[in-house]
Amino acid sequence: MWRDYFEPASLENALDLLAAHAPEARIVAGATDLIVEFDRGTRAPCALIDITRLPGLDAITLGDDGCVHLGPLVTHSAAASSELCAQHARALVQACREVGAPQIRNRATIAGNLITASPANDTITPLMALDATVTLRSRSGTRTLPLAKFYTGVRRTLLQPDEILIDIAFPALGAHAHSAYLKLGLRRAQAISVVNCAVMLARNDAGVVTDARIALGAVAPTIMRAYDAEGVLLGTHADEAAITRAAELAGAATSPISDVRASADYRRDMTPVLVRRALTAALHNEPLVAPAPIPASTAQHIHTAACAVNGHNFAVAESAEHKTLLRWLREDCDLTGTKEGCAEGECGACTVLLDGHPVMACLVPAPRARGAQVRTIESLEQGDALHPLQQAFVDCAAVQCGYCTPGLLMSGAALFDSEPQPSDAQIREAISGNLCRCTGYYRILEAFEQVRGARG
Amino acid sequence: MSLGFSLPRIDARAKVIGAADYPGDLHMDGMLHARILWSRRPHARVLDIDLSAARAVPGVVEIFTGADMPRNEYGLVLFDSPVMVSAMRDGRRISTSRFSLPHDPADRTLAFDGIVRHVGEKLALIVAENEESATRARDLIRVTWEDLPVLDSISSALGTDQQLHPHYEGNVIQRYRVRRGDVDAAFAAADIVIEDDYSAGAQEHAYLQPEAGLSYIDEQGRITIQVAGQWTHEDQEQIAHALQLPLEQVRVIYPAIGGAFGGREDMSVQIVLSLATWRLGRPVKMIWSREESILGHHKRHPFVAHARLGATRDGRIVAAQVTMHTDAGPYNYTSNKVLGNATSTCTGPYDIPNVAIDTAAVVTNNPPSGAFRGFGAPQGLFVAETQVNKLAVALGMDPVEVRRINGWRDGTITAFATPVPAGCSLVKTIDACAAETLALPLSPTSAPELRRGRGWAAGHKNIGFSFGFPERSEATIELHGAAEIERAVVSLAGADCGQGAHTAFLQMAAAALDLPLKKIQLQLSDTATSGSSGSASASRLTYMTAGAIDGAAREALAAWGREERPAHAHFVYRPRRTTKIDPETGAGDPNITYAYVAESADVEVDIETGHVRVLNLICADDVGRAVNPQQIIGQIEGAVVQGYGYALLENFVTTGGVIRTGHLSTYLIPSVLDVPERMHSIIVETPDPSGTYGIRGVAELPLMIVAPAIVAAVYDATGVWINDLPLTPERVARALRKDVTHS
Ligand code: FES
Ligand code: FES
């Protein structure tokens, strides 16, 4: 796991720590990618500088410069439910909703994602299509780079070891410009892109394309722009012939590889299909479906050594410094109701509420819980009375082996806390990060419906 | 009567409040922690295992290797696998471990050869005061290897002189040969012949709870292990065999089990943890990571097959021929048994006068294959049902009608030259599915890139262990009270892996004793308190346990009548005997009875990307008698979704014997957004005359035929047959493109 874990009190403090522990210290927020890498031994232990307690870094704002600005702590959930993004950057909203599971989206930040720089990343693609820039700061100064120039190779960026990404900005799309994001994965939730594509089309009153951008993911060592394809759209009405031509050129510009998910050929073949569909979607400006609500955060920016677990204070001891929240809950707090099914954020068996938000406890450093409120399955029952969702799970036979059950119940409890009458789609989305191998999910959905009905 | 109603499962409350303990949740004071050193090489000779640096790690208590095993072998059917592969020289003594294959009359014991034959072989067990020390020590063990040529496919293993396992000549574990009638003449006379090749990859169980266990010495001095398995008494036997201890000195207890599906039928942590506790006298706990779980247990058998099916123009099937090879990996596990079931399903539940079947389980350096829900039937029925669906197309006939014409009925003579066990309800089950399906016509789609289609399949699953296995199941009942029975203690070992078995046991015991549920006290899943129930597999547990409970209840009530207090009875239920099949002809009576299933699937295919979405899936299952309908529905839905995964999503990839989908991020199982949009289960109840209360079984049925139904639906939508599973988007897209270029 990580070596030292720091929680700086200010951005300046973070920059100092970074400089002091360079070159291998890492700024983290969600730390969702890093913990998996540590766990698998693909990353050598290094110091972590957790900036999630720093105030003011999670804002989404429209600046005087006409740009939408995303602070470095903006999570995927926050962007996905942002009105501002929905209005000016629909492709980004669509992409954020496809990242990992809801529990991951509640923790993982867009900035972190940009720095991890996976060639199959979901959010870099729309940000490139939106012509985003990134602003980097170190003790020696601040610089702003276009995102399209930020990547130098597979998982390599221009970020220097002493720099922090402090701002992501892109021009807000006006009324005549539309963006769209599409992804081809092997599964409908929690899937890594086989190919993804984001487009932006701006047209004048006559319907003539005045600006076009096409970005592609998982088809080259880095997320790429398809400049030739963009060019052929300019000056056209984005009619079928122009779109087809652009789609072909985009496909020809790719240099995909074969991996365990798909062959290079399939990726190359799918690129034009996706580009054509994304361009068509942008033209029609298809509306977004309402996302599952995210509960209000109960976070307090207090520094104490203890964590309030289910209302009781537990000290996060020195010895737990290198544990995940999951291990700490199970081993040090003796709360074994929360389960480990994968330790990589894929199964949701470890779902707990961190300051009110469902998170994968296997991807949270235990020291992050200091000063935070954590709720686990053991807290759902009130006295002898089961939570309505617990009772519904019993009544509807939503439990078989039961190993997935605590995680599902925590995702569900958070959903009902923030939305007593969730739609079917919201229910499905809320549990899309909780795998169950036994039930096929139908009785679980029925249990959710029973609770919704009883509250309606 | 407590049968036939949906009693909420008895362990549900503990599970929803997080209080149910799975093996990994158990804790004992002073317990040690263990980790495994895995081979991670598919085929190599271990020249040396140097433990010196590892032993020096603070906190390390002991490191065990194969040389520490009193008898370094295990296996569910044959003792043909080493518990831990020892080095040829292990620094202390030359290992004298041997393979003994007790079922082989010649008992060809073989000098131990220090060879790892797949990536998931165990080399050492590191025991330490804490997990971190164990992990650190594991990483410091230095192994000297000599890599050996890897045979990573059925064809490479069959086309070589290199023999991978000393016992399996020609790299074949088992062959079956079935001959009925005269296939050559029948094909020559047939109006229509369907001929094709089929294949499928492996499938990973991916139960949510990775393997874990806690071993300790109990108050009576027994080596005791709490673990998740499927058959307490078999675990006990295998531990006792490897440690060369009397059975009574080993105790196996199952706490809550986080899913199994066949994947816990073979040994995981049981033997090595018992060894550590036996040698150290202390409690030892081990939890595998997900990656270790995928590495450490077997998979569903990959297979290749070639099939021919001949029929007359009016739809009568006259001949079927199948050759099928399964990839067993390097050890038997249950490969010979799985092959038997693939053999008995690969021509379907159809009345075919001329049959020729040749099957073989082939040894390779791929991960071992073994039991997985359906046990060979998903492979066999994928071939059989796809062939029948193609026949229906060639005949221009309704696929349901073709099945009605040819389907088994009471009295039909099977490929094994003996009649179908009485109570055959195949056609009734098909009709139940058809009625429901036809009431809901396939709705069209307007999107130009989408196509919709509907497909059908049917199948049969044997209940219980077959081919002459001496099936049995025990139950003990003690009735307490004076004038009236106040309390009945029912002791059973049968494993509840999540399927709800224990709830069904309670209902059956109440019914057999005619007592209210609250008077029944179950004593479960502990070799110290119960006789063997046999395995929670082969759709057998409810059927066999019903027989045992029923018998024990009769005897206990009789004792009660004789004024015995408490009245005690122990009963061993034995169903009707089956036989092996003739090695030349396949003649025999291998299966006790069958349960039947029929399904329809409506799909939507994106013809550009190859994505297949299942809109509607209807599954009718004849369970004989539904003890708890709600739990049965749960079995149907869960099994269908696993079958959905097998058909469309779950792509287990190995290259040169090395696993490339070793995590849940690369081996994808269905999420809530993937499953069929509408799923409808139909419970058919045709009492089985051989079973107690008419019970058959259900756990495997719904899974087996999801793939052929979906494949047929994809054909109906697109006009293209895809013969290889799973139907990944890429495979579908490629097949559709190929079809365009050819036509
Ligand atoms: S997501 Fe945390 S254990 Fe699987
Ligand atoms: S009930 Fe077993 S994984 Fe969901």
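What separates the centres of domain 1 of chain B and domain 3 of chain B, taken over C-alpha atoms? The answer is 34 Å. The model is predicted, so to speak for itself: local features need pLDDT of at least 70, side-chain atom pairs count only at pLDDT 80 or more, and totals for chains, interfaces and linings use all residues. Residues are numbered from 1 along each chain as its sequence is written, while chains are lettered from A and ligands numbered from 1 in the order in which they are written.

The domain assignment of chain B, which comes from an automatic or database source, gives domain 1 (12–17 + 467–573), domain 2 (31–148) and domain 3 (176–201 + 298–465 + 582–742). Between domains 1 and 3 of chain B, 19 residues of domain 1 are in contact with 24 residues of domain 3; two residues are in contact if their C-beta atoms, placed from the backbone, lie within 7 Å. On the domain 1 side, α13 (501–513) and α14 (541–561) of chain B each supply at least two residues, and α14(B) gives the most, with six. Helices here are DSSP runs of H or I with at least four residues, strands are E runs with at least two, and both are numbered from the N terminus. By class, this side of domain 1 of chain B has eight nonpolar, eight polar and three charged residues. Ala, Val, Leu, Ile, Met, Phe, Trp, Tyr, Cys and Pro count as nonpolar, Asp, Glu, Lys and Arg as charged, and the others, Gly among them, as polar.

The two chains also meet: the contact takes 55 residues from chain B and 50 residues from chain A. The elements of chain B that give two or more residues to its side are α1 (12–16), α15 (629–649) and α18 (729–742). Of these, α15(B) gives the most, with eight residues. The side of chain B that touches chain A has 26 nonpolar, 19 polar and ten charged residues.

A residue is buried if 20 or more other C-beta atoms lie within 10 Å of its own, exposed if 12 or fewer, and partly exposed in between, with C-beta atoms placed from the backbone. Of the 410 residues in this core, A278(A), I126(B), I710(B) and V714(B) touch the most other members. Not counting residues up to four places away in sequence, V714(B) touches residues including V603(B), V605(B) and V612(B).

A sheet in chain B has three strands in the order β6-β2-β8; it is open, and the pairing is antiparallel. Strands pair if DSSP finds at least two bridges between them. Because β6 (115–116) and β8 (142–147) of chain B stand at the edges with a single partner strand each, one side of each is left without a neighbour in the sheet. Two bridges join β2 (44–50) of chain B to β6(B), and A44(B) has V116(B) as its bridge partner in β6(B).

N366(B) sits in the loop between β17 (354–362) and α10 (377–395) of chain B. This residue counts as buried because it has 31 C-beta neighbours inside 10 Å. T654(B) is 288 residues away along the chain, yet its C-alpha atom is separated from that of N366(B) by 7.6 Å.

Methods. A nonpolar core is a set of buried Ala, Val, Leu, Ile, Met, Phe, Trp, Tyr and Cys residues joined through C-beta atoms within 7 Å.
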